[in-house]
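Got a new structure open and want to find your way around? Let's walk through a few spots together, one question at a time.

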Amino acid sequence: MMSKASVTGRGAVLLGKYVACDGFDKARPLRVVTHIHSDHLLGLRQSLRKCEVVVMTPATRDLIDVMRSPLFLMRGDVKTLDYGEPFVYDDERLTLHLADHILGAAQVLVEDNEGVRILYTGDFRFPGTPVVEADVVVIEATYGNSSRVRHFREDVEDILVSLVEESLMRGPVFVFGYNGKLQEVIEILHKAKVGVPFVMPEKVFHICKVCERYGMRFGRRLLLSQDERAQTMLSRGEPCVAFYHMNSRRRVGENGVRIFVSGWEFREACRRRAENEFTIALSDHSDFHGLLRYVEESKPKMVFTDNYRSGDAIALAKEIQRRLDIPAKPLPP
Ligand SMILES: [Zn+2]
(Lines give C-alpha, C1' and ligand atoms only; values in the text may rest on other atoms or scores of the structure.)
Protein backbone atom coordinates (compact mmCIF):
# COMPACT_ATOMS: atom_id res chain seq x y z
CA MET A 1 0.00 0.00 0.00
CA MET A 2 2.82 2.35 0.93
CA SER A 3 4.29 2.33 -2.55
CA LYS A 4 1.02 2.87 -4.41
CA ALA A 5 1.02 6.65 -3.90
CA SER A 6 3.42 9.43 -3.07
CA VAL A 7 3.94 13.19 -3.16
CA THR A 8 7.29 14.31 -4.57
CA GLY A 9 9.52 17.16 -3.47
CA ARG A 10 8.31 19.07 -6.51
CA GLY A 11 4.63 18.73 -5.65
CA ALA A 12 3.64 15.92 -8.01
CA VAL A 13 1.08 13.52 -6.52
CA LEU A 14 1.94 10.06 -7.83
CA LEU A 15 -0.80 7.43 -8.11
CA GLY A 16 -0.20 3.85 -9.22
CA LYS A 17 2.56 3.32 -11.77
CA TYR A 18 1.86 5.90 -14.47
CA VAL A 19 0.04 8.95 -13.13
CA ALA A 20 1.44 12.21 -11.77
CA CYS A 21 -1.15 14.79 -10.65
CA ASP A 22 -0.62 18.54 -10.35
CA GLY A 23 3.15 18.44 -10.85
CA PHE A 24 5.69 17.16 -13.35
CA ASP A 25 7.47 13.85 -12.84
CA LYS A 26 9.77 12.65 -15.57
CA ALA A 27 9.11 8.95 -14.98
CA ARG A 28 5.34 9.30 -15.39
CA PRO A 29 3.73 9.16 -18.86
CA LEU A 30 0.37 10.54 -17.65
CA ARG A 31 -0.14 13.99 -16.12
CA VAL A 32 -3.46 14.94 -14.56
CA VAL A 33 -4.47 18.54 -13.84
CA THR A 34 -7.07 18.53 -11.04
CA HIS A 35 -7.96 22.25 -11.37
CA ILE A 36 -6.63 25.63 -12.44
CA HIS A 37 -5.23 27.04 -9.19
CA SER A 38 -1.56 27.84 -9.64
CA ASP A 39 -0.27 25.40 -7.00
CA HIS A 40 -1.86 22.62 -9.07
CA LEU A 41 -0.41 23.68 -12.43
CA LEU A 42 3.21 23.06 -11.40
CA GLY A 43 5.50 22.08 -14.26
CA LEU A 44 2.60 21.95 -16.70
CA ARG A 45 4.71 23.27 -19.57
CA GLN A 46 7.18 20.42 -19.03
CA SER A 47 4.39 17.86 -18.75
CA LEU A 48 2.95 19.05 -22.05
CA ARG A 49 6.31 18.60 -23.69
CA LYS A 50 7.31 15.30 -22.13
CA CYS A 51 4.24 13.32 -21.04
CA GLU A 52 2.37 11.07 -23.43
CA VAL A 53 -1.00 12.44 -22.34
CA VAL A 54 -2.16 15.32 -20.14
CA VAL A 55 -5.60 14.66 -18.66
CA MET A 56 -8.15 17.17 -17.34
CA THR A 57 -11.88 17.93 -17.43
CA PRO A 58 -13.23 19.90 -20.41
CA ALA A 59 -13.96 22.87 -18.12
CA THR A 60 -10.39 22.93 -16.81
CA ARG A 61 -9.09 22.88 -20.38
CA ASP A 62 -11.32 25.82 -21.33
CA LEU A 63 -10.23 27.76 -18.25
CA ILE A 64 -6.53 27.20 -19.01
CA ASP A 65 -7.17 28.35 -22.59
CA VAL A 66 -8.38 31.74 -21.32
CA MET A 67 -5.89 32.06 -18.46
CA ARG A 68 -2.83 31.30 -20.60
CA SER A 69 -3.70 31.23 -24.31
CA PRO A 70 -5.40 28.75 -26.62
CA LEU A 71 -1.93 27.89 -27.93
CA PHE A 72 -0.58 26.86 -24.54
CA LEU A 73 -2.20 23.42 -24.33
CA MET A 74 -1.52 22.75 -28.01
CA ARG A 75 2.09 22.03 -27.07
CA GLY A 76 1.03 18.63 -25.76
CA ASP A 77 -1.46 15.83 -26.18
CA VAL A 78 -4.41 16.86 -24.01
CA LYS A 79 -7.16 14.35 -23.29
CA THR A 80 -10.33 15.67 -21.67
CA LEU A 81 -12.34 13.32 -19.48
CA ASP A 82 -15.83 13.90 -18.16
CA TYR A 83 -16.50 12.91 -14.57
CA GLY A 84 -16.74 9.11 -14.40
CA GLU A 85 -15.45 8.51 -17.92
CA PRO A 86 -12.69 5.85 -17.78
CA PHE A 87 -9.26 6.13 -19.37
CA VAL A 88 -7.24 2.93 -19.54
CA TYR A 89 -3.47 3.05 -19.73
CA ASP A 90 -1.69 -0.30 -19.87
CA ASP A 91 -2.95 -2.25 -16.83
CA GLU A 92 -4.39 0.71 -14.90
CA ARG A 93 -7.67 2.57 -15.11
CA LEU A 94 -8.06 6.29 -14.44
CA THR A 95 -11.28 8.20 -13.69
CA LEU A 96 -11.99 11.77 -12.61
CA HIS A 97 -14.69 12.49 -10.04
CA LEU A 98 -16.38 15.74 -9.10
CA ALA A 99 -14.66 17.88 -6.49
CA ASP A 100 -16.74 20.76 -5.14
CA HIS A 101 -14.05 23.45 -5.24
CA ILE A 102 -14.11 25.53 -8.42
CA LEU A 103 -15.44 24.90 -11.92
CA GLY A 104 -13.79 21.85 -13.49
CA ALA A 105 -12.15 20.57 -10.29
CA ALA A 106 -11.67 16.82 -10.04
CA GLN A 107 -10.64 14.04 -7.70
CA VAL A 108 -8.46 11.41 -9.37
CA LEU A 109 -8.95 7.67 -8.96
CA VAL A 110 -6.52 5.05 -10.26
CA GLU A 111 -7.42 1.37 -10.10
CA ASP A 112 -4.41 -0.87 -10.57
CA ASN A 113 -4.02 -4.44 -11.83
CA GLU A 114 -4.38 -5.82 -8.29
CA GLY A 115 -7.73 -4.09 -7.90
CA VAL A 116 -6.31 -1.53 -5.47
CA ARG A 117 -8.11 1.83 -5.56
CA ILE A 118 -5.79 4.81 -5.21
CA LEU A 119 -7.32 8.27 -4.83
CA TYR A 120 -6.12 11.87 -4.80
CA THR A 121 -8.81 14.25 -3.57
CA GLY A 122 -7.27 17.42 -5.02
CA ASP A 123 -8.72 20.52 -3.35
CA PHE A 124 -12.30 20.08 -2.20
CA ARG A 125 -15.10 21.34 -0.02
CA PHE A 126 -16.96 18.96 2.27
CA PRO A 127 -19.86 18.47 2.56
CA GLY A 128 -20.51 19.01 -1.13
CA THR A 129 -17.92 16.70 -2.64
CA PRO A 130 -19.04 13.10 -3.28
CA VAL A 131 -16.88 10.64 -1.35
CA VAL A 132 -14.95 8.11 -3.43
CA GLU A 133 -14.14 4.90 -1.56
CA ALA A 134 -10.50 3.92 -1.90
CA ASP A 135 -7.76 1.77 -0.37
CA VAL A 136 -5.13 4.49 -0.49
CA VAL A 137 -6.05 8.18 -0.21
CA VAL A 138 -3.88 11.24 -0.80
CA ILE A 139 -5.75 14.16 0.74
CA GLU A 140 -5.28 17.92 0.67
CA ALA A 141 -4.45 19.43 4.07
CA THR A 142 -5.17 23.15 3.73
CA TYR A 143 -7.16 23.22 6.97
CA GLY A 144 -5.51 20.15 8.45
CA ASN A 145 -4.99 21.70 11.86
CA SER A 146 -7.69 20.91 14.44
CA SER A 147 -8.09 24.64 15.13
CA ARG A 148 -9.24 25.20 11.53
CA VAL A 149 -12.92 24.74 12.20
CA ARG A 150 -15.66 27.15 11.23
CA HIS A 151 -17.95 27.49 14.19
CA PHE A 152 -20.25 30.18 12.85
CA ARG A 153 -23.58 28.92 11.74
CA GLU A 154 -24.91 32.03 10.01
CA ASP A 155 -25.32 31.85 6.29
CA VAL A 156 -22.15 33.39 4.89
CA GLU A 157 -23.82 34.06 1.54
CA ASP A 158 -26.60 36.14 3.13
CA ILE A 159 -24.04 38.11 5.10
CA LEU A 160 -22.07 38.79 1.92
CA VAL A 161 -25.17 40.01 0.09
CA SER A 162 -26.19 42.34 2.94
CA LEU A 163 -22.68 43.75 3.23
CA VAL A 164 -22.53 44.46 -0.51
CA GLU A 165 -26.00 46.04 -0.54
CA GLU A 166 -25.25 48.29 2.43
CA SER A 167 -21.88 49.30 1.01
CA LEU A 168 -23.38 50.17 -2.39
CA MET A 169 -25.30 53.01 -0.75
CA ARG A 170 -21.95 54.74 -0.33
CA GLY A 171 -20.49 54.05 -3.78
CA PRO A 172 -18.52 51.33 -5.56
CA VAL A 173 -17.68 48.03 -3.89
CA PHE A 174 -14.50 46.11 -4.70
CA VAL A 175 -14.42 42.35 -4.21
CA PHE A 176 -11.05 40.56 -4.16
CA GLY A 177 -10.68 36.80 -4.47
CA TYR A 178 -9.07 33.98 -6.43
CA ASN A 179 -10.26 32.64 -9.77
CA GLY A 180 -13.31 30.50 -9.28
CA LYS A 181 -14.17 32.07 -5.95
CA LEU A 182 -14.79 35.42 -7.66
CA GLN A 183 -17.21 33.77 -10.05
CA GLU A 184 -18.96 32.11 -7.13
CA VAL A 185 -19.45 35.55 -5.55
CA ILE A 186 -20.76 37.04 -8.79
CA GLU A 187 -23.29 34.24 -9.06
CA ILE A 188 -24.39 34.72 -5.43
CA LEU A 189 -24.92 38.46 -6.01
CA HIS A 190 -26.73 37.85 -9.28
CA LYS A 191 -29.09 35.34 -7.66
CA ALA A 192 -29.73 37.81 -4.83
CA LYS A 193 -30.73 40.35 -7.51
CA VAL A 194 -28.09 42.92 -6.62
CA GLY A 195 -29.02 45.30 -9.43
CA VAL A 196 -25.83 47.21 -10.30
CA PRO A 197 -23.22 46.67 -13.03
CA PHE A 198 -20.53 44.05 -12.29
CA VAL A 199 -17.19 45.46 -13.44
CA MET A 200 -14.12 43.30 -14.03
CA PRO A 201 -10.83 43.14 -15.93
CA GLU A 202 -10.57 41.06 -19.06
CA LYS A 203 -9.26 37.85 -17.51
CA VAL A 204 -11.98 37.67 -14.85
CA PHE A 205 -14.53 38.42 -17.59
CA HIS A 206 -13.33 35.60 -19.84
CA ILE A 207 -13.30 33.15 -16.95
CA CYS A 208 -16.93 34.18 -16.31
CA LYS A 209 -17.75 33.42 -19.93
CA VAL A 210 -16.33 29.89 -19.57
CA CYS A 211 -18.29 29.40 -16.33
CA GLU A 212 -21.47 30.47 -18.15
CA ARG A 213 -20.86 27.82 -20.80
CA TYR A 214 -20.88 25.25 -17.99
CA GLY A 215 -24.12 26.48 -16.46
CA MET A 216 -23.20 29.23 -14.00
CA ARG A 217 -25.38 32.35 -14.24
CA PHE A 218 -24.24 35.96 -13.83
CA GLY A 219 -26.99 37.95 -15.58
CA ARG A 220 -26.37 40.55 -18.23
CA ARG A 221 -24.59 43.18 -16.23
CA LEU A 222 -20.96 42.12 -16.72
CA LEU A 223 -18.86 45.08 -17.81
CA LEU A 224 -15.17 45.22 -18.71
CA SER A 225 -13.19 47.60 -16.51
CA GLN A 226 -11.59 49.13 -19.64
CA ASP A 227 -15.05 50.04 -20.90
CA GLU A 228 -15.70 53.79 -20.86
CA ARG A 229 -18.92 53.39 -18.89
CA ALA A 230 -17.09 51.44 -16.20
CA GLN A 231 -14.28 54.00 -16.04
CA THR A 232 -16.79 56.82 -15.63
CA MET A 233 -18.74 55.01 -12.95
CA LEU A 234 -15.64 54.21 -10.95
CA SER A 235 -14.17 57.69 -11.22
CA ARG A 236 -17.46 59.30 -10.17
CA GLY A 237 -17.86 56.85 -7.30
CA GLU A 238 -21.17 55.54 -8.62
CA PRO A 239 -22.55 52.27 -7.24
CA CYS A 240 -21.24 49.15 -8.96
CA VAL A 241 -19.41 46.02 -7.84
CA ALA A 242 -15.89 45.52 -9.22
CA PHE A 243 -14.26 42.09 -9.09
CA TYR A 244 -10.49 41.71 -9.02
CA HIS A 245 -8.00 38.93 -8.44
CA MET A 246 -6.53 38.92 -4.94
CA ASN A 247 -3.13 39.91 -6.39
CA SER A 248 -4.56 43.29 -7.50
CA ARG A 249 -5.59 44.28 -4.00
CA ARG A 250 -2.81 46.83 -3.58
CA ARG A 251 -3.45 48.49 -6.92
CA VAL A 252 -7.21 49.07 -7.10
CA GLY A 253 -10.22 49.99 -5.03
CA GLU A 254 -8.89 52.82 -2.91
CA ASN A 255 -12.09 54.83 -3.35
CA GLY A 256 -14.65 52.25 -2.30
CA VAL A 257 -15.54 49.57 0.20
CA ARG A 258 -13.15 46.62 -0.16
CA ILE A 259 -14.29 43.06 0.50
CA PHE A 260 -11.91 40.11 0.58
CA VAL A 261 -13.38 36.65 0.16
CA SER A 262 -11.13 34.16 1.87
CA GLY A 263 -11.28 30.79 3.55
CA TRP A 264 -8.65 31.80 6.10
CA GLU A 265 -11.20 33.13 8.53
CA PHE A 266 -12.49 31.00 11.36
CA ARG A 267 -13.84 33.22 14.10
CA GLU A 268 -16.59 35.08 12.30
CA ALA A 269 -18.36 35.02 8.95
CA CYS A 270 -17.61 38.70 8.40
CA ARG A 271 -14.68 40.54 9.95
CA ARG A 272 -14.00 44.26 9.73
CA ARG A 273 -10.30 44.78 8.94
CA ALA A 274 -10.33 48.57 8.63
CA GLU A 275 -12.77 51.45 8.20
CA ASN A 276 -13.74 50.38 4.65
CA GLU A 277 -12.36 46.86 4.56
CA PHE A 278 -13.96 43.50 5.33
CA THR A 279 -13.15 39.81 5.05
CA ILE A 280 -15.95 37.37 4.26
CA ALA A 281 -15.27 33.75 5.23
CA LEU A 282 -16.34 32.08 2.01
CA SER A 283 -14.22 28.98 1.62
CA ASP A 284 -13.77 26.51 -1.21
CA HIS A 285 -11.88 24.11 1.05
CA SER A 286 -13.15 21.64 3.60
CA ASP A 287 -12.46 22.60 7.20
CA PHE A 288 -10.71 20.21 9.60
CA HIS A 289 -13.86 18.28 10.52
CA GLY A 290 -14.80 17.90 6.85
CA LEU A 291 -11.36 16.46 6.03
CA LEU A 292 -11.71 13.86 8.78
CA ARG A 293 -15.22 12.96 7.73
CA TYR A 294 -14.14 12.51 4.14
CA VAL A 295 -11.39 10.09 5.21
CA GLU A 296 -13.77 8.19 7.47
CA GLU A 297 -16.32 7.72 4.69
CA SER A 298 -13.75 6.83 2.05
CA LYS A 299 -12.64 3.90 4.30
CA PRO A 300 -8.98 3.76 3.24
CA LYS A 301 -6.33 1.44 4.66
CA MET A 302 -3.64 4.11 4.28
CA VAL A 303 -3.71 7.91 4.00
CA PHE A 304 -1.09 10.37 2.80
CA THR A 305 -1.57 14.05 3.56
CA ASP A 306 -0.24 16.56 1.02
CA ASN A 307 2.68 18.19 2.78
CA TYR A 308 3.86 20.05 -0.31
CA ARG A 309 1.06 22.59 -0.61
CA SER A 310 0.23 25.07 2.11
CA GLY A 311 -1.71 23.78 5.08
CA ASP A 312 -0.99 21.47 7.97
CA ALA A 313 -0.33 17.98 6.64
CA ILE A 314 1.65 16.85 9.70
CA ALA A 315 -1.14 17.67 12.16
CA LEU A 316 -3.77 16.15 9.88
CA ALA A 317 -1.87 12.86 9.57
CA LYS A 318 -1.55 12.68 13.36
CA GLU A 319 -5.25 13.33 13.90
CA ILE A 320 -6.27 10.74 11.29
CA GLN A 321 -4.16 8.14 13.11
CA ARG A 322 -5.39 9.17 16.55
CA ARG A 323 -9.09 9.71 15.88
CA LEU A 324 -9.77 7.24 13.06
CA ASP A 325 -7.06 4.67 13.74
CA ILE A 326 -6.01 4.66 10.09
CA PRO A 327 -2.28 4.77 9.25
CA ALA A 328 -1.47 8.23 7.90
CA LYS A 329 1.69 9.99 6.84
CA PRO A 330 2.57 13.46 5.55
CA LEU A 331 4.36 13.48 2.18
CA PRO A 332 6.90 14.69 1.31
CA PRO A 333 8.12 14.05 4.88
ZN1 LIG B 1 -7.55 25.05 -5.36
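Q: At roughly what angle do the axes of helix 7 and helix 8 cross?
A: This is a predicted model, so keep that in mind throughout. Helix 7 covers residues 288-298 and helix 8 covers residues 313-324. Their axes come within 11 Å, and they cross at roughly 55°.

Q: Is helix 7 roughly parallel or oblique to helix 8?
A: Angles under 35 degrees count as roughly parallel, and 65 to 115 as roughly perpendicular. The crossing here is at roughly 55°. Because of that angle, helix 7 is oblique to helix 8.

Q: Is the crossing of helix 7 and helix 8 left-handed or right-handed?
A: The two axes come within 11 Å where they pass each other. As for the hand of that crossing, helix 7 and helix 8 make it right-handed.

Q: What covers the buried residues of helix 7?
A: The buried residues in helix 7 are Phe 288, Gly 290, Leu 291, Leu 292, Tyr 294, Val 295 and Ser 298. Their cover includes strand 9 (106-111), strand 10 (117-120), strand 11 (136-139), strand 19 (302-306) and helix 8.

Q: Which residue caps the N-terminal end of helix 7?
A: Look for a side-chain oxygen that lies 3.2 Å from the backbone nitrogen of His 289. Just after the helix, by the way, Lys 299 takes a positive phi of about 55°. The N-terminal cap itself is Asp 287.

Q: Which backbone oxygen lies 2.7 Å from a polar atom of the side chain of Arg 258?
A: Arg 258 sits in strand 16 (residues 257-261). With a relative accessible area of 9%, Arg 258 is buried. Its contacts beyond four places in sequence include Phe 174, Phe 176, Asn 276 and Phe 278. The backbone oxygen at 2.7 Å belongs to Val 252.

Q: Which side chain does a polar contact of 3.0 Å join to that of Glu 265?
A: You'll find Glu 265 in the loop between strand 16 and strand 17 (270-274). Glu 265 is buried, as its relative accessible area is 4%. Among the residues Glu 265 touches are Arg 150, Phe 152, Thr 279 and Ala 281. The partner in the 3.0 Å polar contact is Arg 271.

Q: Is Asp 90 buried or exposed?
A: Asp 90 lies in the loop between strand 7 (87-89) and strand 8 (92-98). Its phi is positive, about 55°, although it is not a glycine. Exposed means over 50% relative accessible area. Asp 90 has 61%, so it is exposed.

Q: Is Asp 325 buried or exposed?
A: Asp 325 belongs to the loop between helix 8 and strand 20. Asp 325 isn't a glycine, yet its phi is positive at about 60°. Its relative accessibility is 68%, so Asp 325 counts as exposed.

Q: What is omega near for the peptide bond from Leu 331 to Pro 332?
A: Pro 332 is in the segment after strand 20 (328-331). Another proline, Pro 127, is in the loop between strand 10 and strand 11, and the bond from Phe 126 to Pro 127 is cis with omega near 0°. The bond from Leu 331 to Pro 332 is cis too, with omega near -10°.

How values were computed: Residues are numbered from 1 along each chain as its sequence is written. This is a predicted model: local features need pLDDT of at least 70, side-chain atom pairs count only at pLDDT 80 or more; totals for chains, interfaces and linings use all residues. Side-chain values use heavy atoms; hydrogens and water are left out. Axes are lines fitted to C-alpha atoms, for helices over the stretch in contact, and angles run from 0 to 180 degrees between N-to-C directions. Helices (H or I, at least four residues) and strands (E, at least two) are DSSP runs, numbered from the N terminus. Angles under 35 degrees count as roughly parallel, over 145 as roughly antiparallel, 65 to 115 as roughly perpendicular and the rest as oblique. A crossing is left-handed if the near helix is turned anticlockwise from the far one by less than a right angle, and right-handed if clockwise. Buried means under 20% relative accessible area, exposed over 50%, partly exposed in between (1.4 Å probe, protein chains only). Contact means heavy atoms within 4.5 Å. A polar contact is a pair of N or O atoms within 3.5 Å; within protein, one must be able to donate a hydrogen and the other to accept it, and residues adjacent in sequence count only if both atoms are side-chain atoms.
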